[in-house]
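Colleague: I would like to learn how to read a model of this kind, one feature at a time. Could you take me through it, giving the general idea and then the case at hand?

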Amino acid sequence: FDVESLLCNDLEVVSAAKHPEIISIKAELVHAGASGALMSGSGSSVFGLFQRAGDARAAGRRLAADRRRQVFTTRLLI
(Lines give C-alpha, C1' and ligand atoms only; values in the text may rest on other atoms or scores of the structure.)
Protein backbone atom coordinates (compact mmCIF):
# COMPACT_ATOMS: atom_id res chain seq x y z
CA PHE A 1 0.00 0.00 0.00
CA ASP A 2 0.95 3.65 -0.36
CA VAL A 3 2.62 4.64 2.93
CA GLU A 4 3.15 8.21 1.72
CA SER A 5 -0.63 8.79 1.63
CA LEU A 6 -0.89 7.89 5.33
CA LEU A 7 1.80 10.33 6.49
CA CYS A 8 0.52 13.80 7.29
CA ASN A 9 1.78 16.85 9.17
CA ASP A 10 -0.15 20.06 8.49
CA LEU A 11 2.67 22.18 9.88
CA GLU A 12 5.11 20.81 7.30
CA VAL A 13 3.85 23.14 4.54
CA VAL A 14 4.49 26.22 6.68
CA SER A 15 7.85 25.00 7.98
CA ALA A 16 9.08 23.90 4.55
CA ALA A 17 8.31 27.36 3.15
CA LYS A 18 10.87 28.79 5.58
CA HIS A 19 13.21 25.78 5.49
CA PRO A 20 13.18 24.17 2.01
CA GLU A 21 15.79 21.64 3.14
CA ILE A 22 12.89 19.74 4.73
CA ILE A 23 11.55 18.95 1.26
CA SER A 24 14.98 18.07 -0.11
CA ILE A 25 15.72 15.70 2.80
CA LYS A 26 12.36 13.99 2.30
CA ALA A 27 13.13 13.62 -1.41
CA GLU A 28 16.56 12.15 -0.61
CA LEU A 29 14.97 9.59 1.71
CA VAL A 30 12.38 8.52 -0.85
CA HIS A 31 15.02 8.41 -3.58
CA ALA A 32 17.08 6.15 -1.30
CA GLY A 33 14.18 3.71 -1.01
CA ALA A 34 11.98 4.98 1.82
CA SER A 35 8.33 3.98 1.50
CA GLY A 36 7.48 7.43 2.85
CA ALA A 37 9.07 10.41 4.59
CA LEU A 38 7.69 13.13 6.85
CA MET A 39 8.71 16.06 9.00
CA SER A 40 8.10 15.20 12.65
CA GLY A 41 6.25 17.54 14.96
CA SER A 42 7.20 21.18 14.46
CA GLY A 43 10.20 20.37 12.33
CA SER A 44 12.92 19.22 14.66
CA SER A 45 13.50 16.21 12.43
CA VAL A 46 12.56 14.43 9.23
CA PHE A 47 12.20 10.66 9.07
CA GLY A 48 11.87 7.99 6.42
CA LEU A 49 10.25 4.57 6.69
CA PHE A 50 12.15 1.74 5.02
CA GLN A 51 11.13 -1.86 4.37
CA ARG A 52 14.73 -3.13 4.52
CA ALA A 53 17.26 -2.28 7.23
CA GLY A 54 20.13 -2.26 4.73
CA ASP A 55 18.42 0.43 2.67
CA ALA A 56 17.86 2.51 5.81
CA ARG A 57 21.52 2.20 6.84
CA ALA A 58 22.70 3.14 3.34
CA ALA A 59 20.40 6.18 3.29
CA GLY A 60 21.63 7.16 6.74
CA ARG A 61 25.24 7.07 5.58
CA ARG A 62 24.41 9.17 2.52
CA LEU A 63 22.53 11.76 4.53
CA ALA A 64 25.22 11.88 7.23
CA ALA A 65 27.80 12.84 4.60
CA ASP A 66 26.44 16.36 5.06
CA ARG A 67 28.14 17.19 8.37
CA ARG A 68 25.45 19.76 9.23
CA ARG A 69 23.03 16.88 9.83
CA GLN A 70 22.65 14.46 12.70
CA VAL A 71 21.41 11.11 11.41
CA PHE A 72 20.03 8.25 13.48
CA THR A 73 18.99 4.88 12.09
CA THR A 74 16.57 3.00 14.32
CA ARG A 75 14.05 0.20 14.20
CA LEU A 76 10.33 0.85 14.41
CA LEU A 77 8.77 -0.70 17.50
CA ILE A 78 5.44 -2.34 16.81
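**Reading the model**

Modeller: Let us begin with charge pairs: the count comes to five salt bridges, a salt bridge being a side-chain nitrogen of Lys or Arg within 4 Å of a carboxyl oxygen of Asp or Glu. This is a predicted model, in which local features need pLDDT of at least 70 and side-chain atom pairs count only at pLDDT 80 or more, while totals for chains, interfaces and linings use all residues. Residues are numbered from 1 along each chain as its sequence is written, and side-chain values use heavy atoms, with hydrogens and water left out.

Colleague: Which residue forms a salt bridge with Arg52, and how far apart are the closest N and O atoms?

Modeller: Side chains of opposite charge can pair when their charged atoms come close. Here Arg52 pairs with Asp55, with 2.9 Å between the closest N and O atoms. Arg52 is exposed at 55% relative accessibility, whereas Asp55 is partly exposed at 24%; by definition, buried means under 20% relative accessible area, exposed over 50% and partly exposed in between, with a 1.4 Å probe and protein chains only.

Colleague: Turning to strands, are the two faces of strand 1 covered or open?

Modeller: In a regular strand the side chains alternate between the two faces of the sheet. Strands (E, at least two residues) and helices (H or I, at least four) are DSSP runs, numbered from the N terminus. In strand 1, Gly36, Leu38 and Ser40 on one side and Ala37 and Met39 on the other are all buried; because five of the five residues of strand 1 (residues 36–40) are buried, the strand is largely enclosed by the rest of the structure.

Colleague: In which sense do strand 1 and strand 2 pair?

Modeller: They pair in the antiparallel sense over five bridges, strand 2 being residues 45–49, and two strands count as paired if DSSP finds at least two bridges between them. Met39 has Val46 as its bridge partner in strand 2. The hairpin of these strands has four residues between them, and Gly41 takes a positive phi near 50° there.

Colleague: Which residues make up the largest nonpolar core?

Modeller: In soluble globular proteins, nonpolar side chains tend to be buried together. A nonpolar core is a set of buried Ala, Val, Leu, Ile, Met, Phe, Trp, Tyr and Cys residues joined through side-chain atoms within 4.5 Å. The largest one here has nine residues: Ile25, Leu29, Ala32, Ala34, Ala37, Phe50, Ala56, Ala59 and Leu63. Helix 2 and helix 3 each supply at least two residues of this core, and helix 3 gives the most, with three residues.

Colleague: Finally, where is Arg67 placed, and is Arg67 buried or exposed?

Modeller: Arg67 lies in the segment after helix 3 and counts as exposed, at 77% relative accessibility. Between Arg67 and Lys18 there are 21 Å in space, C-alpha to C-alpha, and the two are 49 residues apart in sequence.
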